[in-house]
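Subject: Structure handover

Hi,

Here is the structure for you to look over. My notes follow below it.

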Amino acid sequence: MQTRSTVPRRQLGRNLRRLREEAGLTVRAAAARLDRSEATMWRIETGRTPLRPIDVQAICTVYGAPESITQALVGLAQETKTPAWWQSYGDAVPAGFNVFAGLEQAASQIDMYESDLMPGLLQTAEYVRVISQAHYPGMPTAEIESRVRFRMERQALLARPVPPTLRVALSEAVVLRPVGGPHVMAAQLAHLVYIAALPTVTLRVVPLAAGVHPGMLTSAFVLMRFPPSPGGVADEPPTAYGDTFTGGWYHDKMAEVSQYERAFAGIWSVALDEDATLRVLADGARRYGES
């Protein structure tokens, strides 16, 4: 399945880590037996490097895994070879973003807080152009347009037959900041009004008058939850993600994710309700349109 090519790799890494621990092997001991470095073992177990089916077979043999589990993990290794749609965009995809893209496409519920810019899933093409030009000054127009197309195709997940449930808490500062000028912002805010009407999307603005709230301490972040497998257990653990100027970070340990869940609940509690949010967005679009 193309949209989940990075997810099986993470699943494979977690299962191999579990097998190693059940075999009573440390990372150092496993690395020695497999003639690999400890750094390579870490990349394997965190899903940051691909594995050939023959490599998975060898690792499972060292760990003493049952044949049924070995074959299942070999199948996962084969699935990781499936190219994802975003790979066709090459350099237009930010470094390291492919992991997030795979998780985003696989998620059944996405909660996000944004403090400075419109979330990528909600940006108009012109808004993408403006921030891309600011982030990559001097980049040729063709490359900017490739980034725009990538962002627009990424947003297609909201129109899937079974889209994820999306909750967005948006700082009022994002609405007030005139990215690209009045024309760009009028169209962007009108787009948010349209998106907010989708049955699986809930959008709330966090007013500046709310004062201190958890989002001021966390900065922007995304929480993703995943659908259960046929056995009733989610294939992926809930994951928190944040983006920085030089790359993204991920947390999937329960204690860490719980902190972000509490933070999102706190942000959500001080945000305007949906009707008040729509009025803020519509009024903002009108004001920008009249400028």
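How many aromatic pairs does the count come to? It comes to six aromatic pairs, where rings of Phe, Tyr and Trp (its six-membered ring) pair if their centres lie within 6.5 Å. Planes under 30 degrees apart count as stacked, over 60 as edge-to-face and the rest as tilted.

Before the details, the ground rules. This is a predicted model, so local features need pLDDT of at least 70 and side-chain atom pairs count only at pLDDT 80 or more, while totals for chains, interfaces and linings use all residues. Residues are numbered from 1 along each chain as its sequence is written, and side-chain values use heavy atoms, with hydrogens and water left out.

**Aromatic pairs**

One of the pairs is Phe-100 with Tyr-241. Their ring centres are 4.2 Å apart and their planes stand at 25°, so this pair is stacked. Phe-100 belongs to helix H6 (residues 97–106) and Tyr-241 to strand E5 (residues 239–244), so the pair ties together parts 141 residues apart in sequence. Helices (H or I, at least four residues) and strands (E, at least two) are DSSP runs, numbered from the N terminus. Phe-100 is buried at 2% relative accessible area, and Tyr-241 is buried at 6%. The cut-offs: buried is under 20% relative accessible area, exposed over 50%, partly exposed in between (1.4 Å probe, protein chains only).

Next, Tyr-113 and Phe-221. Their ring centres lie 6.3 Å apart with planes at 50°, so the pair is tilted. Tyr-113 sits in strand E1 (residues 109–114) and Phe-221 in strand E4 (residues 221–225), so parts 108 residues apart in sequence are tied together. Both Tyr-113 and Phe-221 are buried. Ring pairs also link Tyr-113, Phe-221, Trp-249 and Tyr-260 into a cluster.

**Helix H12**

Tyr-260 is one of the buried residues of H12, as are Phe-264 and Trp-268. The helix covers residues 254–270, 17 residues in all. From first C-alpha to last it reaches 25 Å, close to the 24 Å expected at 1.5 Å a residue; the expected span is 1.5 Å times one less than the number of residues.

**Charges over rings**

Arg-167 lies over the face of Trp-268, 5.2 Å from the ring centre. The rule: NZ of Lys or CZ of Arg within 6 Å of the ring centre and within 35 degrees of the ring normal.

**Salt bridges**

The structure holds 13 salt bridges, each a side-chain nitrogen of Lys or Arg within 4 Å of a carboxyl oxygen of Asp or Glu. Arg-36 and Asp-55 form one of them, at 3.6 Å, N to O. This pair links distant parts of the chain, 19 residues apart: Arg-36 is in the loop between helix H2 (27–34) and helix H3 (38–45), Asp-55 in helix H4 (residues 53–63). Arg-36 is partly exposed at 28% relative accessibility, whereas Asp-55 is buried at 14%. Asp-55 also meets Arg-52 in a salt bridge, at 3.0 Å, N to O.

Arg-129 and Glu-126 bridge at 3.2 Å, N to O. Both lie in helix H7 (residues 125–135), three residues apart, about one turn of the helix. Arg-129 is partly exposed at 21%, and so is Glu-126 at 35%. Elsewhere, salt bridges that share partners join Asp-111, Arg-167, Arg-225 and Glu-261 into one network.

Best regards
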